[in-house]
Amino acid sequence: MKRFVISSLVAGVVAMGLSVNAQDAAPAVPAAPVEQAVKKQKVPPPPAVDLTVSGTLKKDEQTKMNKAGKEVKKVQFSLVQDDGSSVKLPTPRAKKGEAAAINLDAFVDKKVKVVGKGNEGVDKKGAKKTVVSEITTIEEVAAAPVAK
């Protein structure tokens, strides 16, 4: 009986020692989950308002090579205002089966007034920036007479 009691005590002490060492060797699980860094959410753009801008319409054509090795022609229209600032204009797109409602090519290098929707704001450098997102109408404006 003494052997049984002593062997039980020894087995219990050994088992206790092994369980304590197993807890020390196990990776520690954090008590509370660590908060992930919150991603910055993009601020939605302000709603578009009615805009009227005037200036000289310019056309810029660029030819680039795409990944497949084909040449791609990109056309960008911009409006150069009297103060020298430039406003990019969206390229009018036609719905399937319809012709484009506005033909900007007819107004290139002419003084025009563009009515549409867009936003005005200030860029990172502090300069005034106008963005036209949709063109409603475009009309040619008679050039002011030059004083001699």
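Reading the largest pocket

Guide: In this predicted model, 16 residues line the largest pocket, and those that lie nearest its centre are Ser86, Val87, Lys128, Lys129 and Thr130.

Visitor: What makes a residue part of the lining of a pocket?

Guide: A lining residue has an atom within 4 Å of a point of the pocket, and 16 residues line the largest pocket on that basis. Strand S1 (49-65), strand S3 (86-89) and strand S5 (128-140) are the elements that each give two or more residues to this lining, and S5 gives the most, with five residues.

Visitor: How do you know which residues of the lining count as charged?

Guide: Asp, Glu, Lys and Arg count as charged, so Lys128 and Lys129, which lie among the residues nearest the centre, belong to that class. Over the whole lining there are six charged residues, beside five polar and five nonpolar ones.

Visitor: What is the volume of the largest pocket?

Guide: The volume of the largest pocket is about 280 Å³, and a volume here is the space filled by probe spheres set on the grid points.

Visitor: Which elements does the protein chain hold, and in what order do they run?

Guide: The chain has one helix and five strands, and from the N terminus on they run α-β-β-β-β-β.

Key: Residues are numbered from 1 along each chain as its sequence is written. This is a predicted model: local features need pLDDT of at least 70, side-chain atom pairs count only at pLDDT 80 or more; totals for chains, interfaces and linings use all residues. Side-chain values use heavy atoms; hydrogens and water are left out. On a 1 Å grid over the protein atoms alone, a cavity is a set of points where a 1.4 Å probe fits but cannot get out, and a pocket is an open set with protein on both sides within 12 Å along at least five of seven lines; lining residues have an atom within 4 Å of a point. Helices (H or I, at least four residues) and strands (E, at least two) are DSSP runs, numbered from the N terminus.
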